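Colleague: Could you walk me through this one slowly? I would like to follow along as we go.
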Amino acid sequence: MDLNPSVAPIIRIPVNGVFVLLLTVVITAFTAWLIYFSAWGIKVRAVVLNRQMASAVGINTAQVDSRTFALGCGIAGIAGSAFTMIGSTGPTAGQQYIVDTFLVVVFGGAQSLLGTLASAFAISQSQSTLEFFLSGSMAKVITLLIVVGILLLRPQGLFANRVRR
């Protein structure tokens, strides 16, 4: 039995990659639902926007911080185990992804899930398009320069929430 079904005689889609893609979509949808439609998500957003006021209305900010950290650790664990399905692991396995990950979060706005999704799509598509015309190194450099240029104009990121101070 062929584990890599072909859509066309030349195109082959690895099953592991499709599984990781679907897992990513499910985790992202669950996180979005949790943040935007649950009671706990309302508390998280309140603490992010104004910690003192959230505490004043009775939200246990330390508990919100702990649960948010636990959720992040769980997602990181799932991502790490999914990574083993598509790449080899070792002490330096994540080094090639760290700069792109940092760019995605800063470019999208550190407090915005929608911004993170939009910036991940924009950065990946710009790098892929530039790699078609240039080398991989030049595509990364040009993408980095574009992101830095946009961040000079808008340092809070593209989709940053308004924060009341």
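**Helices and a pocket**

Modeller: In H5, the residues Asp100, Leu103, Val104, Phe107 and Gly108 are buried, where buried means under 20% relative accessible area and exposed over 50%, with partly exposed in between (1.4 Å probe, protein chains only). Seen down the axis of H5, these buried residues fall within an arc of 110°, so they line one face of the helix, the arc being that of the directions from the helix axis to the C-beta atoms. This is a predicted model, in which local features need pLDDT of at least 70 and side-chain atom pairs count only at pLDDT 80 or more, while totals for chains, interfaces and linings use all residues. Residues are numbered from 1 along each chain as its sequence is written, and side-chain values use heavy atoms, with hydrogens and water left out.

Colleague: What is included in the cover over the buried residues of H5?

Modeller: The cover includes H6 and H7; helices here are DSSP runs (H or I, at least four residues), numbered from the N terminus. The face of H5 turned away from the buried side carries the exposed residues Gln95, Ile98, Val99 and Phe102.

Colleague: And which residues of H6 are buried?

Modeller: In H6 they are Gly115, Ser119, Ile123 and Gln127, and they fall within an arc of 85° seen down the axis, so they line one face of H6. These buried residues pack against H5 and H7, whereas Leu114, Phe121 and Phe132 are exposed on the other side of H6.

Colleague: What does Thr143 touch, and is Thr143 buried or exposed?

Modeller: Thr143, which is found in helix H7 (residues 136-153), counts as buried because its relative accessibility is 1%. Leaving out residues up to four places away in sequence, Thr143 touches Ile123, Ser126, Gln127 and Leu130, a contact being heavy atoms within 4.5 Å.

Colleague: Changing topic, what volume does the largest pocket have?

Modeller: Its volume is about 1,900 Å³. On a 1 Å grid over the protein atoms alone, a pocket is an open set of points where a 1.4 Å probe fits, with protein on both sides within 12 Å along at least five of seven lines, and lining residues have an atom within 4 Å of a point. Of the 39 residues that line the largest pocket, the closest to its centre are Thr24, Thr28, Val104, Thr116 and Leu117.

Colleague: Which helix gives the largest share of that lining?

Modeller: H1 does, with 10 residues.

Key. Helix = DSSP H or I, 4+ residues; strand = E, 2+ residues; numbered from the N terminus. Points joined across faces, edges and corners; volume = space filled by probe spheres on them.
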